[in-house]
Amino acid sequence: MPRLAETQVADSQVAAKSSTFPLILLAGVLACYWLAVIHQLGAQWSVFAQYHYGWIVPLLCAYLVFRRLQNSESNQVQVSSIRDQRSPTRIRESILLLFLSALAYAPTRLLHEANPIWRLTSYLLALEVILLTFAFVNIIGGFPLARRLAFPIFFFLVAVPWPSGIENFLVQLLTRWNVTTTVEFLGLLGVPAIQHGNVIEIGTGMVGIDDACSGIRSLQATFMISLFLGEYYFLSIPRRIICVLAGVACSFPFNVARTSFLTWVGATKGTKAIPLWHDPAGVTILVACFFSLWLLSRLLVGRRCRDAQIFPVDQSGKPDVPILSTNRLSTSILIASLLGLWLFLAEVGTEWWYRSHEMESQTSATWGLSSAAAQSGFTDVKISSDVLGQFKADESAHKLWRDGDGNIWQLFYFRWQPSESLENRVAVQLAKTHGPEKCLPAIGMTFNSDLGVITIPVNGIDLAFHQFQFIADGQPLHVFYGLYEDTTGPSVLANRRKDTGSRITAALAGSRNFGQRFLEIAISGPEHPADAKSALARSLSEIITVNK
């Protein structure tokens with residue numbers, strides 16, 4: 001009998017060790033999916049200032065999962081209740097969810113490659129990997145384990161950039177509130193300030209409030225922090241809601257305080273002093289928000305929920321970790337192999353699709369700014385470091401001049417070479433979203449009319465522009481804007497990915513990292529759009545050079 005008992009124990013240990021390999025294999029394949037998604041989203045976390053916090057979210061998710069897996073201070077769960085959740089029906093449902101999520105990954109990945117800042121594909125990629133993880137946990141530990149780890153796994157969604165419609169609405173709303181409140185507050189302090197759209201005029205110059213400084217960064221960071229603290233202290237759902245609402249409520253006044261302080265610095269020490277205080281002020285309000293939410297979370301901690309034990313204990317007091325049968329062992333290895341192979345095919349297939357189009361594409365005539373644009377009469381204007389940091393262009397220029405008729409001209413030019421860097425491709429796609437119809441009203445100009453696409457011959461090529469008219473300080477401002485990919489040349493405006501159809505078209509065309517140019521020319525002086533177009537046609541030969 002003792003030998004029989006020893007044999008049974010040895011067999012149990014061998015079975016446990018043999019079932020460990022497929023679990024490790026599945027976990028390794030799953031980790032590859034997570035790394036792929038983090039790589040895709042990481043470029044947005046680096047380029048968009050309000051999402052810098054995204055880099056810490058995967059670590060917070062891992063920490064929350066680890067805390068949930070701890071067995072200390074746990075209530076025991078009946079072994080039968082867990083084993084019931086590992087029934088063949090639930091296993092089949094989990095396997096189906098696993099493969100459906102993996103199947104959806106490939107087309108999502110193909111679309112995302114051409115649209116690396118598309119929020120829909122960003123969310124789909126994250127959700128597909130989250131569902132993969134949820135199904136994986138359900139297979140190895142049953143529904144109770146998956147349910148207990150649901151919040152730490154789904155917490156990753158706070159790192160995915162918000163839908164553009166919601167984010168743009170909040171940015172515009174918060175910017176208006178921020179600027180208006182700041183102007184009123186400065187008035188109470190005796191600092192004269194006038195609001196011009198999203199710009200505050202003070203005695204020493206103009207202070208612009210960009211998107212990142214609107215308060216959206218504080219709002220998103222405090223939202224993430226409040227959700228984390230609610231889970232960290234195991235707060236009840238109503239108390240977690242209170243914590244989130246408190247984070248939203250405190251982010252706005254803290255950001256107004258920051259904007260007011262920076263504007264006051266600009267009024268007293270000059271606008272050149274603002275960049276020196278910009279980042280320290282931002283860090284200060286973020287730390288203040290964190291400690292405020294931390295204190296509130298501590299106050300909301302009442303009777304702490306006991307964390308139920310993940311695996312039940314057997315009669316000896318040891319965790320009853322599931323041991324896979326021979327059939328399930330083979331099935332798990334097969335699942336892991338298929339998932340790994342599918343991930344490999346999805347990534348390689350996506351890369352092949354875009355590289356094949358890039359190799360077949362022919363670059364049209366090379367053109368750019370003429371050397372005349374650097375001669376007498378043209379004034380070079382320094383482009384802000386924020387714009388340069390976001391756009392990451394290989395060439396950039398901002399010029400001002402006055403022609404013989406007294407018209408005032410302003411020119412922006414950016415040039416991107418084809419890039420293999422995902423972060424640079426995100427910057428290129430970000431540039432596609434910027435146009436005069438969006439940016440100029442944000443600085444106080446009034447949109448008047450969209451005159452459509454025009455084509456002007458210059459030095460042997462046709463240069464296409466989208467013509468707009470704005471009202472600036474009561475005077476008409478004529479804006480000619482063009483975005484061009486090297487493969488289609490200057491006569492065709494680039495696909496700016498404004499809607500779902502255009503984004504799908506870009507993916508089908510294999511448009512990923514073609515070279516790109518951005519040209520915007522604004523003319524103040526002519527009364528009528530036709531006069532502005534004629535003035536542009538006369539002057540383009542001095543501005544643009546062509547090397548065929």
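For the classes used below, Ala, Val, Leu, Ile, Met, Phe, Trp, Tyr, Cys and Pro count as nonpolar, Asp, Glu, Lys and Arg as charged, and the others, Gly among them, as polar. This is a predicted model, in which local features need pLDDT of at least 70 and side-chain atom pairs count only at pLDDT 80 or more, while totals for chains, interfaces and linings use all residues. Residues are numbered from 1 along each chain as its sequence is written, and side-chain values use heavy atoms, with hydrogens and water left out.

Q: How do the residues lining the second largest cavity divide by class?
A: A cavity is a set of points, on a 1 Å grid over the protein atoms alone, where a 1.4 Å probe fits but cannot get out, and lining residues have an atom within 4 Å of a point. Here the lining consists of Trp416, Gln417, Pro418, Ser419, Arg425, Val428, Asn513 and Phe514. By class, these residues divide into four nonpolar, three polar and one charged.

Q: Which helix gives the most to the lining of the largest cavity?
A: The lining of the largest cavity includes Val428, Gln429 and Lys432, and by class it has two nonpolar, three polar and four charged residues. Helices are DSSP runs (H or I, at least four residues), numbered from the N terminus. The most, three residues, comes from helix H14 (residues 422–433).

Q: Are phenylalanine 465 and phenylalanine 480 buried or exposed?
A: Phenylalanine 465 and phenylalanine 480 form an edge-to-face pair, 6.2 Å centre to centre with 80° between the planes. Buried means under 20% relative accessible area, exposed over 50% and partly exposed in between (1.4 Å probe, protein chains only). On this scale, both phenylalanine 465 and phenylalanine 480 are buried.

Q: How many residues does the largest nonpolar core have?
A: A nonpolar core is a set of buried Ala, Val, Leu, Ile, Met, Phe, Trp, Tyr and Cys residues joined through side-chain atoms within 4.5 Å. In the largest core, Tyr33, Val57, Phe155, Phe156 and Leu339 have the most contacts inside it, and the core has 70 residues.

Conventions:
1 Å grid on protein atoms, 1.4 Å probe; cavity = no way out; pocket = protein on both sides within 12 Å on 5 of 7 lines; lining within 4 Å. Helix = DSSP H or I, 4+ residues; strand = E, 2+ residues; numbered from the N terminus. Phe/Tyr/Trp six-rings, centres within 6.5 Å; stacked < 30°, edge-to-face > 60°.
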